[in-house]
Amino acid sequence: MPSLDKIDRKILLELDTNARESFSKIGQRLGTGKNNVQYHVNQLVKEGIIKKFVVQYSLAKLGLFLGKIYLQLSGLSKEEENQLYAYLQKEKRISWVAKCEGRWDLMWGSYVEDMNQFIQIKKDFFNHFEKWVTNYDVIFLAEGHTSPRTYLLEKKSISSKKIHRFMDQGKVEISLEEKKILKFISNNARFNYMDLVKEFKINIKTAQRKISDLEKKGIIQGYVTFLDMHKVGYNFFKLCIFLKNYEKKIDEFIKYCLELPNVVHVIESLGPWEIELEIETETLQDFYSLTHQIRNDFSEIIKKTESVIITEEKKLDFFPEWLV
């Protein structure tokens, strides 16, 4: 297992906050040279700790919402399990697939334009695999917040921590070329503008203007780094929180969760529960301790919790292939 030194951790936090930040600016903030930063980043990529640099979008402004299904499975042989994951990997309408242990065995999600589209994707999946599904839950993302991994430096998060709101308000009409650009950069947030020039036969000023316009419209929300936390000894958990009498406390509770260093995402959900926390900790005991802390601090609004450990994210696309 690769180990992270202090400069690795500082660089990862910088890139987690803004994956497009230049190596020279990161070096200036860390008191080291551009070449040293570039070397460390290249090593982190080579070791698979950095999996990719991704663009975050506002789903609502693209006219999309995220529907997810969490499933309990039973009776699959190894060959049948391989067939299931091969189907999910190949299916372009499914953008996220996670293998897990705990309350559920499998999670998958799709970006869709309307409910009928989601129902059809669900129906097609169940036509193939229903005999192995013993139970499932359907959840829709109502709002999402992300924040940097401040725990990498054992720093306490603060209330001014950066928050991205994925849903925002209202669809924004964009051209087919703009959609193609979004798809082109979606899994390469550190793109070079010359890549756009070559791909779309435009000049560099036009390429810069198009990206700037997409940022100003709020379609591009930010640039983050997708890490394989298992490779540096961290586990990835989901904590699903069922709330009661929470209307007056919900904003306070979300703010509280975002100030916890090991909470990297807070998801407001429509489904059996109201809040999902995505949490990264070194040990299972650390996760349980944090769970107990959350439940104790907000016992008046937390009815119960369900938890799961994500053992492997087998697919994660931030832009749906079918949209272009």
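The model on screen is predicted.

The largest pocket has a volume of about 880 Å³. Its lining has 42 residues, and those closest to the pocket centre are His265, Glu278, Glu313, Leu316 and Phe318. Then colour the lining by class: 19 residues are nonpolar, 12 are polar and 11 are charged.

Now move to two helices, H6 (residues 176-185) and H8 (residues 204-216). How do they pack? Their axes lie 11 Å apart, at an angle of about 90°. Angles of 65 to 115 degrees count as roughly perpendicular, and H6 and H8 are therefore roughly perpendicular to each other.

For the contact between them, select Glu177, Glu178, Ile181, Leu182 and Ile185 on the H6 side. On the H8 side, select Lys210, Ile211 and Leu214, which these H6 residues meet. By class, the contact of H6 with H8 has five nonpolar and three charged residues, and no polar ones.

Last, colour the chain by pLDDT. The mean over the protein chain is 92, and 95% of the residues reach 70 or more. Select residues 159-163, where the pLDDT is below 50.

Note on methods: Residues numbered from 1 in each chain as written. Predicted model: local features only at pLDDT ≥ 70, side-chain atom pairs only at ≥ 80, totals over all residues. Heavy atoms only, no water. 1 Å grid on protein atoms, 1.4 Å probe; cavity = no way out; pocket = protein on both sides within 12 Å on 5 of 7 lines; lining within 4 Å. Points joined across faces, edges and corners; volume = space filled by probe spheres on them. Nonpolar A, V, L, I, M, F, W, Y, C, P; charged D, E, K, R; others polar. Axes fitted to C-alpha atoms, helices over the stretch in contact; angles between N-to-C directions. Helix = DSSP H or I, 4+ residues; strand = E, 2+ residues; numbered from the N terminus. Parallel < 35°, antiparallel > 145°, perpendicular 65-115°, else oblique. Contact = heavy atoms within 4.5 Å. pLDDT = per-residue confidence, 0-100.
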